[in-house]
Amino acid sequence: MMASLKMKYQNRSGGTGWRPSVPLLNSLGESGGFCVNCGEDTDGIAPDGMRYPCPHCGKSKVYGKGSLIAMKVAYRTDAELYSQFVEQHGEIIHAGISYALASDPELSNHVLPDHLDGYVEWTASAMDIYGNEYVIKWHFDATLSREIDDAGNLPWDRPSSVIPV
Ligand SMILES: [Zn+2]
């Protein structure tokens, strides 16, 4: 199975981040860099470069190839990325399929339909072991959510939907 060349995910602050694969980095020139904010590559970056300004998005989030590998932001295969995500955010099984969470679940501010009155929605991005990307949604009773102090104790193993991206 071929690795996805780069992977988009939701970062801790609720924004979007990108991670490059090693094959993508290898396809760039010696001075290639990668922006972890917008996912575009850039030339003229030293291998150990960090936080260079990005000509595409303007954020100082371009890193050199060596830095991305040293920081374990780059991944060799989808399986390696999958296990990095499991380590960082956890794994759930839904309908017999395993998903690695690519972000910690966050309370969504979506307006829910009438039949979900009294519920709150949490979402996280996720991937399967083949590198396919998903958004996972959970709907929890709002009262239950308030009573459980530690969000880690909510029934995360029961998502209400897993939507391919
Ligand atoms: Zn950028």
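**Strands and domains in a predicted model**

Good morning. Strand 3, residues 33-35, pairs with strand 5 in the antiparallel sense, and three bridges connect the two. Within this pair, G33 stands opposite G64 of strand 5. Please bear in mind throughout that the model is predicted.

These strands belong to an open sheet of three strands, arranged in the order 4-3-5 with antiparallel pairing. Strand 4, residues 41-42, and strand 5, residues 62-64, stand at the edges with a single partner strand each, so one side of each has no neighbour in the sheet.

I turn now to the domains. The domain assignment of the protein chain gives domain 1 as 3-70 and domain 2 as 79-164. Between the C-alpha centres of domain 1 and domain 2 there are 27 Å.

Next, let us consider strand 10, which spans residues 133-141. Which residues form its covered face? They are Y134, I136, W138 and F140. The uncovered face of strand 10 consists of E133, V135, K137, H139 and D141.

Strand 10 pairs with strand 9, residues 119-127, in the antiparallel sense, and this pairing extends over nine bridges. Here E133 of strand 10 has M127 standing opposite. Strand 9 and strand 10 form a hairpin with five residues between the strands, where G131 adopts a positive phi near 90°.

Strand 10 is also joined to strand 11, residues 161-164, by four bridges, and these two strands run antiparallel. In this pairing, I136, a residue of the covered face of strand 10, stands opposite V162 in strand 11.

Thank you for your attention.

Technical notes: Residues numbered from 1 in each chain as written. Predicted model: local features only at pLDDT ≥ 70, side-chain atom pairs only at ≥ 80, totals over all residues. Buried ≥ 20, exposed ≤ 12 C-beta atoms within 10 Å, placed from the backbone. Pairing = 2+ DSSP bridges. Domains from an automatic or database assignment.
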